[in-house]
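Thanks for making the time this morning. I would like to walk you through one model, beginning with a strand and its contacts, going on to the aromatic rings, and ending with a pocket.

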Amino acid sequence: MFKVISAILWRKCNQATFDSLNGTSRGQYDIRLTRRAFEGFFKGIPKTNPTKLGGFDLVVPIQPFTGTPSVPETEITVRYMGDDSQRKDWNIPSQRPDTAYALWAPGRGVDTTFDIGKRDYALIIRDVDGGFHARWIKDAEFEKLPGSVRALMTSAEVGWEECE
């Protein structure tokens, strides 16, 4: 059964994301988003683990993937560093080969070699029923996406938008 997309959040795979997911980064263990406000995308998800810097975590329930092989329902933590933090950015922590979301992990999502020219993206999608889905779009699949979605994803390396 197909779900209608309400909003889409994307992160183009860059060298840092590739290194984190493949376990070759010496210090970054997350998928970095940006300083852009992502709270609107995650509406309805309660804030947890408040920090002294105004940060918090969002524990996002990810719907199961019924493809082959399937992935059970799981959760992804999304962290905001806080208004009083130096960075003020958002990230998806614990994205290493053994802890990454299954559809983003090496062998299933991210490739084992990095090519800056490829259009590979980590996605989190919100459907019209408020469910969240996470996927990895590889360069070969990119052209199969609707033109409006491709235009959004190529407009910035990271972002989110409501869909019409």
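When I say strand, I mean a DSSP run of E of at least two residues, and helices would be runs of H or I of at least four, both numbered from the N terminus. Please keep in mind that this is a predicted model, where local features need pLDDT of at least 70 and side-chain atom pairs count only at pLDDT 80 or more, while totals for chains, interfaces and linings use all residues. Residues are numbered from 1 along each chain as its sequence is written, and side-chain values use heavy atoms, with hydrogens and water left out.

Let me start in strand S1, where we find Ser-6. Ser-6 has a relative accessibility of 15% and therefore counts as buried, the classes being buried under 20% relative accessible area, exposed over 50% and partly exposed in between, with a 1.4 Å probe and protein chains only. Leaving aside residues up to four places away in sequence, Ser-6 touches Arg-126, Asp-127, Val-128, Glu-162 and Cys-163, where contact means heavy atoms within 4.5 Å.

Now to the rings. Rings of Phe, Tyr and Trp (the six-membered ring for Trp) pair if their centres lie within 6.5 Å, and planes under 30 degrees apart count as stacked, over 60 as edge-to-face and the rest as tilted. By this rule there are eleven aromatic pairs. One of them joins Phe-41 and Trp-160, which is edge-to-face because the planes stand at 65°, with the centres 5.7 Å apart. Phe-41 lies in the loop between strands S2 and S3 and Trp-160 in strand S9, 119 residues apart, and both residues are buried.

Phe-56 and Tyr-80 make a tilted pair, 5.5 Å centre to centre with 50° between the planes, and this pair links strand S4 to strand S5. Phe-56 is buried at 7% relative accessibility, as is Tyr-80 at 10%. Ring pairs also link these two with Phe-38 and Trp-90 into a cluster.

The largest pocket is lined by 24 residues, with Phe-2, Phe-65, Ile-125, His-133 and Arg-135 nearest its centre. Strand S8 gives the largest share of that lining, four residues.

Notes: On a 1 Å grid over the protein atoms alone, a cavity is a set of points where a 1.4 Å probe fits but cannot get out, and a pocket is an open set with protein on both sides within 12 Å along at least five of seven lines; lining residues have an atom within 4 Å of a point.
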